[in-house]
Amino acid sequence: MSRKEPLRAVKGMRDILPPDSRLWGHIEQVARDVFHAYAYNEIRTPLVEVTELFARGVGEETDIVTKEMYTWEDRDQQSLTLRPEATASVIRAYIEHQLYNPPGLKKFYYMGPMFRRERPQKGRYRQFFQIGTEAIGSESPALDAEVIEMVVALLSRLHLSGFTLLVNSVGCMECRPVYLAVLREELAKVRERLCADCQRRSETNPLRVFDCKVPADQPAIAQLPTISGSLCAACREHFDRLQRYLQDRRIAFTIEPRLVRGFDYYTRTTFEVVHGALGAQNALLGGGRYDGLTEALGGPRAPGIGFSLGEDRFVLAVQETMANRDSAAEGGLLYIAWLGEEAYRHSAELARELRSRNVAVELAADAGKLKKSLELAARLQARYVLIVGDQELAEGKYPLRDMASGEQRTVSKEELLERFAGARSKVAAER
Ligand code: HAM
């Protein structure tokens, strides 16, 4: 038989393998804990939506909609798209299920894959994972401050340091048109110095010029007026209050007047967290307010704000800074090595008892010499090895080796349960 070529994952789409997957699980668990503490509940929306949702929600002129979506015509000629982000989907669900009834603030979190057909590079993939939240039903800057506080709490619970929080206000439907008129005028003056995309955007959607990544365009873009000078009194007051609330919380931030972010739905507050360890793709997370989005998608007025963290980039930043290695690996696997059939049957019972109390146990599949067992356990990064042989069975005591220190002591079954399961049950009971 001829040898077959092995198949590979699709370009820009990756497998997340152990031990990294353990860090991913840890991040997701911490995120859930933080979100629950801020009274958010999980929402799960489909990976596939009708294309029009993103055209109307994210914006026809955005890079995402013009260049990056995976869109196809389904067998019934309906145009479908793999979600490039989740905010539009959450708002669609909010409207579809009339979650605005009864009235009040509704808070959702989600985590899962998003799809954008970008050029893959470090920190940029075609399938990537986001962890995000959306709070719908209030336009108060107190909510914006709370969302940003939650983001900072999440990063610090995950021991990430060295990040910078950027904030801006992109105005509202009242003051934006005034600014856009000024911007159009200025863009007309530098039109021939801009790339073809920016020349088009200058007329169709001038704010999107700020998303341009073409190096040759940057000097001209840097000279353009920013929206800060054109904010109406209400937007200025909203932004001032947000800054005050952040200062009250002792949250450090930098105002970045060019932070317009690549979506048409943003109004007023936009924010991003960037991290130096990430290189060119330095945005770890981004978010903002979208006070007109529910109406754009056919629902009632319901202002909201949310953010999404790029989980792939978060993992990269953590690995670069090594800050989280220990907490991710703190599973403390217990490896049970046995010698002989009787010892195996006894070990299997012991393993079942420990596992039922949530202790992570690897039970050797084959009998092994002690040296070989220790090698196997080390390869699995087991923290402890328990050795069960005939003598141990007769005495009811087993040698327990701490693989980190090399120390070995003898423990009875009761001591073992107390040491591993006892400590854990106590923690679980205190929760
Ligand atoms: P976004 O800025 O497009 O915002 O994405 C949020 C984060 O997802 C980025 O900061 C980045 O970490 C990550 N990300 C984006 N594209 C990629 C990629 N190709 N590869 C790896 N990571 C990526 C949103 O998606 C909005 N829905 C955020 C939001 C929620 N605004 C309000 N609510």
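**Domains, their interface and the cysteines**

In this predicted model, the centres of domain 1 and domain 2, taken over C-alpha atoms, are 25 Å apart. Domain 1 is made of two stretches, 20–167 and 231–322, and domain 2 covers 176–228. The protein also has a domain 3, at 328–430.

Domain 1 and domain 2 touch through 15 residues of domain 1 and 16 residues of domain 2. Together they bury about 1,300 Å², and carbon and sulfur atoms give 41% of that area. On the side of domain 1, the residues that lose the most area to domain 2 are E61, R258 and V260. These three account together for 47% of what that side buries.

What kinds of residue does domain 1 present to domain 2, by class? The side that touches domain 2 has seven charged, five nonpolar and three polar residues. Four salt bridges are found across the interface of domain 1 and domain 2. Polar contacts across this interface involve 14 residue pairs, counted where both residues have pLDDT of 80 or more. As for individual pairs, the side chains of K67 and D197 form a salt bridge, with 3.0 Å from N to O.

The cysteines are a separate matter. How many disulfides does a search of the whole structure find? The count is zero. A disulfide requires two cysteine sulfur atoms within 2.5 Å. For C212, the closest cysteine sulfur is that of C198, at 3.7 Å, so the two are too far apart for a bond. C212 is also buried, with a relative accessible area of 8%.

Technical notes: Residues numbered from 1 in each chain as written. Predicted model: local features only at pLDDT ≥ 70, side-chain atom pairs only at ≥ 80, totals over all residues. Heavy atoms only, no water. Buried < 20%, exposed > 50% of the residue type's maximum accessible area, 1.4 Å probe, protein only. Domains from an automatic or database assignment. Contact = heavy atoms within 4.5 Å. Buried area = accessible area lost by both parts, 1.4 Å probe. Polar contact = N/O pair within 3.5 Å; in protein donor to acceptor, adjacent residues only side chain to side chain. Nonpolar A, V, L, I, M, F, W, Y, C, P; charged D, E, K, R; others polar.
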